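Good morning, colleagues. Please look at the sequence and the structure on the screen, and I shall take you through the strands and the core.

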Amino acid sequence: MSPLHSIDFCPICGGGLCGIRICGVDEEGASDRFARTGSDAPHGMVVCDECDAIWLEPDLTTAHQYPDVEDARCPICGLSLWGNNSRWATSEDVAALGWEFAVNPDLDAASDEEIA
Ligand SMILES: [Zn+2]
Ligand SMILES: [Zn+2]
């Protein structure tokens, strides 16, 4: 699955998209996903869809890190990087994170996965 909203092509592998992910959400409890507080609060990160490099800010000039290849986990909350607790951020998620400024609209996925 490709990122819905990306900020740029990956400066590390050159071919991947640095997509915005939101973590700390619960697919099953979608209606109250932003009602949580504390360490479960939704948090954003930028992940390359090719090489899995992770940035904790929507700024590719900051330091990046790689998840454990065998067991990729979110560097913020420690849950699975690709589990149900996280997803590629929708435009609503991006807005909740306050990261709209970083999105490059030219890199957005086809919008049929979202209801704008
Ligand atoms: Zn990459
Ligand atoms: Zn997390």
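Strands S2 and S6, the latter covering residues 86-88, run antiparallel and are joined by 3 bridges. Strands here are DSSP runs of E of at least two residues and helices are runs of H or I of at least four, both numbered from the N terminus; two strands pair if DSSP finds at least two bridges between them. Within this pairing, Arg21 has Trp88 of S6 as its bridge partner.

Before I continue, a word on the source. This is a predicted model, in which local features need pLDDT of at least 70 and side-chain atom pairs count only at pLDDT 80 or more, while totals for chains, interfaces and linings use all residues. Residues are numbered from 1 along each chain as its sequence is written, and chains are lettered from A and ligands numbered from 1 in the order in which they are written.

pLDDT is the predictor's confidence in each residue, from 0 to 100. Its mean for the protein is 87, and 83% of the residues reach 70 or more. Residues 35-39 call for caution: pLDDT stays under 50 there, and the model has 3 contacts beyond four places in sequence for them. By contact I mean two residues whose C-beta atoms, placed from the backbone, lie within 7 Å.

Now the overall layout. The protein has 1 helix and 6 strands, and along the sequence the pattern reads β-β-β-β-β-β-α. Among contacts with a separation of 6 or more, 59% link residues 24 or more positions apart.

Let me return to S6 through Arg87, which is found in that strand. Leaving aside neighbours within four places in sequence, Arg87 is in contact with Arg21, Ile22 and Val25. Arg87 and Pro3 are 84 residues apart in sequence, yet 8.9 Å apart in space, C-alpha to C-alpha.

Next, S2 itself. How many of the residues of S2 are buried? The count is 7 of its 7 residues. In a regular strand the side chains alternate between the two faces of the sheet. Both faces of S2 are covered, with Leu17, Gly19, Arg21 and Cys23 buried on one side and Cys18, Ile20 and Ile22 buried on the other.

S2 also has other partners. Strand S1, residues 6-9, pairs with S2 in the antiparallel sense over 3 bridges, and Phe9 has Leu17 of S2 as its bridge partner. With S3, the antiparallel pairing of S2 extends over 6 bridges. Here Cys18 is the bridge partner of Cys48, and Ile20 stands opposite Val46.

S3 is largely enclosed by the rest of the structure, because 5 of its 6 residues are buried. S3 in turn pairs with S4 in the antiparallel sense over 2 bridges, and Val46 has Trp55 of S4 as its bridge partner. S3 and S4 form a hairpin with 5 residues between them, and Asp52 in the turn has a positive phi of about 65°.

One residue of S3 deserves attention, namely Met45. Met45 counts as buried because it has 22 C-beta neighbours inside 10 Å. Beyond four places in sequence, Met45 is in contact with Arg21, Cys23, Ile54, Trp55, Leu56 and Ile76.

Finally, the core. A nonpolar core is a set of buried Ala, Val, Leu, Ile, Met, Phe, Trp, Tyr and Cys residues joined through C-beta atoms within 7 Å. Which members of the largest one touch the most other members? Of its 23 residues, they are Ile7, Cys18, Ile20, Met45, Val46 and Ala89. Strands S2 (17-23), S3 (43-48) and S4 (54-55) each supply at least two residues of this core, and S2 gives the largest share, 5 residues. As for Ala89, the residues it touches, not counting those up to four places away in sequence, include Leu4, Ile20, Ile22, Val94 and Leu97.

Notes: Buried ≥ 20, exposed ≤ 12 C-beta atoms within 10 Å, placed from the backbone.
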